[in-house]
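I set out to record what I looked up in this structure, entry by entry.

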Amino acid sequence: MFLALRDLRRGVRRFLLLGVVIALVAVLSTVLSALATGLVTDGISGLRALPFDRLALQEGAEATFSRSTLRGDALDRFEGVDGVEATPLGASFVNAASTSGGPNLDLALFGVAPDSFLVTRDDARGALSGEPGLVLASELEDQGVSVGDRYAISGSDLVLPVLGFTFAGTYGHAPIAFTSLDTWQQINFGGDPDERFSAVALSGGSDDDLAGPASEAGVELYTKSEAYAGSPGFTAETTTMTLIQGFLLVISAVVIGAFLTVLTVQRTRQIGLLKAMGASTSYIARDALGQMAILVSVATLCGVALGAVLVTIVGSGDVPVELNPTGTLGVAVSMIVVGLIGSAAALPRIVKVDPVIALGVEQ
Amino acid sequence: MTVPARRSEATRGAGSPVLAIDRVRVAYPDGPDTRVILDDVDLSVTAGELVVLTGPSGAGKSTLLTVAGLLRRPDSGEVTVAGTPTAGLSQRQRTKVRRDHVAFVYQSANLLPSLTAIEQLELVGHIHGEKASGTTARARSLLERVDLAGRADQLPVELSGGERQRVGIARALMASPSLLIADEPTASLDPERAGAVVELISEVTRSEGLATIVVAHDAWAEMHVDRRLHLDRGRLSEVGPPAGAAAQRA
């Protein structure tokens, strides 16, 4: 890359425009990647933090808690399986209106058996085993909610106190809250709960171990990551973000390919000269691609760094963005790879240049 | 077919035909007709010989240079460079023969705008796969030879027309060619600078034992040549050496 390096160093202004465009695309890609990660976290972090391996939901529920209602017989099928722990899980969205002057809350309310494997902290077990109440995600404490505040739960006559706070987490973009399964059933089914709940949370066991009981119980099994798809808007959001990122990458490739093609046309006589000097086509192609690789890499890394700074600034507010090292690295690598693919579009023109033009003879 | 390595001392010897063009024909389609540019042209240039080619515009002088420099395949005939017949060679093999044995000096120097004078020469070493340390020393020495040691780090835009042309000649010598092809190298220079360039080409042809073909219009330049050839309507004819050539060489 003898020529490429010197060309870049002494022709900064010529390459500045493309470098800025690539850097801006990298900024946008980094912010979008952070937004995608943030939205995922906002959508499923509460569910992700629960210590289960699989969920069993009613057939046809498509991982959506609101479409699944199970009864005790479904739980019974799994309780006898060796090496498997099974516990009922209720999940629903509720509005909680403060009766003590605090903020009103939209909550993703999980009903859990206090002595089940889903409740790992002793203080939480103790709290959920006593009087009915709510254990809330810790970020609500930052929003001014305090232990002892009382909340009227919509759709029921219950007014529940805040018993304490647990790990931060959200589901369907609502902060999570835990209550005992009995209280959850009372909120959702009133005086006739009939042992109903949303899903069976399972820990341990293999697909083979669980397939039989699942079939007998008429339920479908979901791994934890499959269960994320049931979070409201999760699939649409991740698909949209992936599409936007994909389009950005395609745009990058087209812009870089177009730039290098124009540059190659401008350099036609120079390429002819190099060929007349005995440079092989591969030598010239390596030089051109190397130049683009350096330009795209530097511009991308600058863009990603700037994007990371922006995400950090924006992330301190309410926007759900989260820098994910793997995702950010993925953005950088994808941009560079796509840039090189775009650059390759100019290669046929390099091959076609006839060295006779070095002598001013038309091709 | 194997391609010989770069020029050996054997091919430098006086009298060896470095370039042998045998019954070369080039024709272009011209509407419904065919326009013959080179019509069974024969030409032989030996080591240490400086040949000037003249002819009217459109006579095919540049085409002859592109054929001689292996930039273009003739429609028929054979071009032998440094003992290697090239008609049967692949494009890659022809490129290698050109890289190892042929160098060009252009009308407008054709320097690369982003390279300094010395880097123009180092690029040649890089294309030849030479080590950077040796290349730099040789490039510096060649720039000294063309009286540009003090301008080694200047970009083309910072050099005068004559200086650019001298860099172009040094760059050509950097390839250690057997065959030097110069296409109107003094056309864009004033008489004083043109004279210096002609002197330089003449001198390196003798001292390096190059076979040199120069396309030139300038009558005075012929004073420095061994043979004068005239190309017209595709036919090459020998006009003979100018009267003062022997005295010049002596």
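**Strand pairing in chain B**

I looked up the pairing of strand E1 (residues 17–30) of chain B and found that five bridges join E1 to strand E4 (residues 76–81) of chain B, the two running antiparallel. The model is predicted. Within this pairing I noted that B:Asp22 stands opposite B:Glu78 in E4(B).

I then traced the whole sheet: it is open, has four strands in the order E2-E1-E4-E5 (chain B), and is paired antiparallel. Strand E2 (33–46) and strand E5 (84–85) of chain B each have a single partner strand, so one side of each edge strand is left without a neighbour in the sheet. I also checked what packs on the sheet: H2(B) touches E1, E2 and E4 of chain B, and its direction makes about 125 degrees with that of E1(B).

**Chain B overall**

I counted eight helices and 10 strands in chain B. Of its 250 residues, 50% count as buried. Among contacts in chain B with a separation of 6 or more, 70% are between residues 24 or more positions apart.

**Contact with chain A**

I found 22 residues of chain B in contact with 20 residues of chain A. Helix H2 (61–68), helix H3 (91–101) and helix H4 (117–127) of chain B are the elements that give two or more residues to the chain B side. H4(B) gives the most, with five residues. By type, I recorded nine nonpolar, eight polar and five charged residues on that side of chain B.

**Domains of chain A**

The domain assignment of chain A gives domain 1 (2–44 + 235–359) and domain 2 (60–217). I noted that the C-alpha centres of these two domains of chain A lie 47 Å apart.

Methods. Residues are numbered from 1 along each chain as its sequence is written. Chains are lettered from A and ligands numbered from 1 in the order in which they are written. This is a predicted model: local features need pLDDT of at least 70, side-chain atom pairs count only at pLDDT 80 or more; totals for chains, interfaces and linings use all residues. A residue is buried if 20 or more other C-beta atoms lie within 10 Å of its own, exposed if 12 or fewer, and partly exposed in between; C-beta atoms are placed from the backbone. Two residues are in contact if their C-beta atoms, placed from the backbone, lie within 7 Å. Ala, Val, Leu, Ile, Met, Phe, Trp, Tyr, Cys and Pro count as nonpolar, Asp, Glu, Lys and Arg as charged, and the others, Gly among them, as polar. Domain bounds come from an automatic or database domain assignment. Two strands pair if DSSP finds at least two bridges between them. Axes are lines fitted to C-alpha atoms, for helices over the stretch in contact, and angles run from 0 to 180 degrees between N-to-C directions.
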